[in-house]
Amino acid sequence: MTRNRPVPRADWNGRRRRVNASHQPDPRDRPARLTVGVVGAGRVGPALAAALQLAGHRPVAASGVSDTSVRRAAAMLPDVPLVPPAEVLDRADLVLLTVPDDALPGLVEGLAETGAVRPGQLLVHTSGRYGTNVLEPALRAGALPLALHPAMTFTGTPVDVQRLAGCSFGVTAPEELRLAAEALVIEMGGEPEWIAEENRPLYHAALALGANHLVTLVAESMDLLRDAGVAAPDRMLGPLLGAALDNALRSGDAALTGPVARGDAGTVAAHVTELRKHAPQTVAGYLAMARATADRALAHGLLKPELAEDLLGVLANGGGTGTTEGGDR
């Protein structure tokens with residue numbers, strides 16, 4: 001295993017070079033390209049390596065365990081050999097650690113303990129949860145640590161590379177490596193968004209709440225529409241959800257509409273009754289989201305207090321009527 005060889009450095013003199021899908025700078029105009037390795041050929045790693053290749057860097061090795069990972073690496077990074085993780089580090093100046101969050105600390109420790117990490121090597125992980133502290137064992141071995149998390153959902157196909165154009169990256173880096181982190185993100189077509197080490201878990205929770213839960217909500221909505229006899233629920237939901245997302249991003253809570261924001265307690269109660277009959281597994285989620293929506297609508301003056309009382313009573317009773325005989329609650 002070769003040790004302490006010089007590491008070529010990219011052009012990190014502070015100039016912001018924006019890269020997009022329509023205009024890729026000529027790689028020959030970019031000095032000191034890096035050799036790139038991928039440890040964990042899941043959906044993310046090959047896409048980022050392919051994006052770096054478009055910027056003129058050279059993928060030289062990848063590691064993957066499952067048959068799916070092997071096929072994905074072959075499709076996204078043709079002619080790049082699959083080798084064990086330690087050999088990836090031996091061949092590459094820039095190593096992408098693209099493994100599941102829970103596997104990352106053990107991987108870093110193992111690589112450092114076995115001497116696979118060399119001084120001056122750029123180690124980049126893509127976990128949203130962690131900053132650079134998780135790379136501390138590699139830092140002690142002389143590596144240069146970066147946390148670059150693309151705020152994007154990945155399919156494991158070439159379309160992912162195109163979607164990186166304009167994608168925000170949650171970036172955490174030591175002060176002396178901020179220019180390096182910024183340059184790499186921009187070369188992949190992204191936009192760096194600086195996240196403090198202590199804020200990484202909150203940052204990641206926010207993304208999961210918005211993106212991961214959105215998929216669940218949309219899938220459940222499509223299932224219910226099919227049960228209601230709608231032949232093409234995707235076609236029905238597409239324009240509605242597109243408009244709702246656009247309005248929410250533009251206007252925040254002011255974009256709230258629907259029976260909860262209006263205080264239509266009877267409609268909400270009817271919804272819950274139907275859900276209990278046809279999809280009882282969705283009731284808890286509906287009630288939780290309705291309560292959160294009611295709280296936000298109240299706080300922003302969209303839901304009138306006099307209407308909120310009956311609505312909150314319905315939600316507190318799990319979709320039953322908000323009042324009992326004699327008006328007691």
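Helices (H or I, at least four residues) and strands (E, at least two) are DSSP runs, numbered from the N terminus. The model is predicted: local features need pLDDT of at least 70, side-chain atom pairs count only at pLDDT 80 or more, and totals for chains, interfaces and linings use all residues. Residues are numbered from 1 along each chain as its sequence is written, and side-chain values use heavy atoms, with hydrogens and water left out.

Start at R140. R140 lies in helix α5, residues 136-140. R140 is exposed, at 62% relative accessible area; exposed means over 50%, buried under 20%, and partly exposed in between (1.4 Å probe, protein chains only). A112 is 28 residues away along the chain, yet the two C-alpha atoms are separated by 8.4 Å.

Now turn to the sheet. Strands of a sheet pair through backbone hydrogen bonds, either parallel or antiparallel. Here seven strands form an open, mixed sheet in the order β2-β1-β3-β4-β5-β6-β7. Two strands count as paired if DSSP finds at least two bridges between them. The edges are β2 (58-63) and β7 (191-194); each has a single partner strand, so one side of each lacks a neighbour in the sheet. On average, neighbouring strands are turned by 25° against each other, direction ignored. Axes are lines fitted to C-alpha atoms, for helices over the stretch in contact, and angles run from 0 to 180 degrees between N-to-C directions.

Strand β1 (residues 35-39) pairs with β2 in the parallel sense over five bridges. There, G37 stands opposite A61 in β2.
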